[in-house]
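Subject: A structure for you to look at

Hi there,

Here is the structure I promised to pass on to you. Have a look at it first, and then read on for what turned up in it.

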Amino acid sequence: MSKESLLSRISIDANICFGKPCIRGHRIWVSLILDFLASGMTIEHLLEEYPGIEREDILACIAYGAEMARDYYVEIPLGTHKELSK
């Protein structure tokens with residue numbers, strides 16, 4: 001499936017979910033799906049939890065995140081590292 005075809009599964013509408021990117025036809029935020037994936041949830045588990053979406057919808061969320069990362073970045077806080085005692 002092409003990137004354009006995947007991204008067509010994402011919608012942004014100021015009147016739906018405060019204009020946040022969502023899976024087209026659903027009120028499921030792209031960021032929610034990405035957060036679940038980042039926490040270790042599998043695509044299969046997401047499909048069980050959200051039976052109205054398809055595997056390609058999840059791939060579309062990943063593609064959208066990749067597109068966003070090309071142009072924007074988020075400062076990552078570098079915590080203090082403690083030296084381990086020997």
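Let's start with Ile10: leaving aside its neighbours within four places in sequence, Ile10 is in contact with Pro21, Cys22, Arg24, Val30, Ala60, Cys61 and Tyr64. Please keep in mind that this is a predicted model.

Is Ser11 buried or exposed? Ser11 has a relative accessible area of 17%, so it counts as buried, the limit being under 20%. Not counting residues up to four places away in sequence, Ser11 touches Lys20, Pro21, Cys22 and Arg24.

Now for the core. The largest nonpolar core has 14 residues, and Ile10, Ile23, Ile33, Ile53, Ile58 and Cys61 are those with the most contacts inside it. Helices α2 (30–38), α3 (43–49) and α4 (55–71) each bring at least two residues to this core. Which element supplies the largest share of this core? That is α4, with 5 residues. As general background, nonpolar side chains tend to be buried together in soluble globular proteins.

Helix α4 also holds Asp57. With a relative accessible area of 6%, Asp57 is buried too. Setting aside residues up to four places away in sequence, Asp57 touches Arg9 and Ile23; Ile23 is one of the core residues listed above. Between Asp57 and Leu46 there are 11 residues in sequence and 11 Å in space, going from C-alpha to C-alpha.

The loop between the strands is worth a look as well. Cys17 lies in the loop between β1 (10–11) and β2 (22–23), and Phe18 is found in that loop too. Phe18 is another residue other than glycine with a positive phi, near 60°. For context, most residues other than glycine have a negative phi. When it comes to accessibility, Cys17 counts as buried because its relative accessibility is 12%, under the 20% limit. Phe18 counts as exposed because its relative accessibility is 74%, over the 50% limit.

Finally, let's step back to the whole chain. The protein chain has 4 helices and 2 strands, and from the N terminus on they follow the order α-β-β-α-α-α. Its radius of gyration is 16 Å, well over the 12 Å that the globule rule gives for 86 residues, so the chain is more spread out than a compact globule. The C-alpha atoms fill a box of roughly 55 × 30 × 25 Å along the principal axes.

How much of the chain is buried? Of the 86 residues, 21% count as buried. The chain exposes about 6700 Å², and carbon and sulfur atoms supply 57% of that area. If you take the contacts between residues at least 6 apart in sequence, 42% of them join residues at least 24 apart. As for charge, there are 9 positive and 13 negative side chains, and the centres of the two sets lie 4 Å apart.

Happy exploring, and do write back with any questions!

Best wishes

Methods:
Residues are numbered from 1 along each chain as its sequence is written. This is a predicted model: local features need pLDDT of at least 70, side-chain atom pairs count only at pLDDT 80 or more; totals for chains, interfaces and linings use all residues. Side-chain values use heavy atoms; hydrogens and water are left out. The radius of gyration is taken over C-alpha atoms; the globule rule is 2.2 Å times the number of residues to the power 0.38. Buried means under 20% relative accessible area, exposed over 50%, partly exposed in between (1.4 Å probe, protein chains only). Contact means heavy atoms within 4.5 Å. Accessible areas come from the Shrake-Rupley method with a 1.4 Å probe; for residues, only the protein chains shown count as cover. Lys and Arg count as positive and Asp and Glu as negative; His and the chain ends are not counted. The place of a charge is taken as NZ of Lys, CZ of Arg, CG of Asp or CD of Glu. A nonpolar core is a set of buried Ala, Val, Leu, Ile, Met, Phe, Trp, Tyr and Cys residues joined through side-chain atoms within 4.5 Å.
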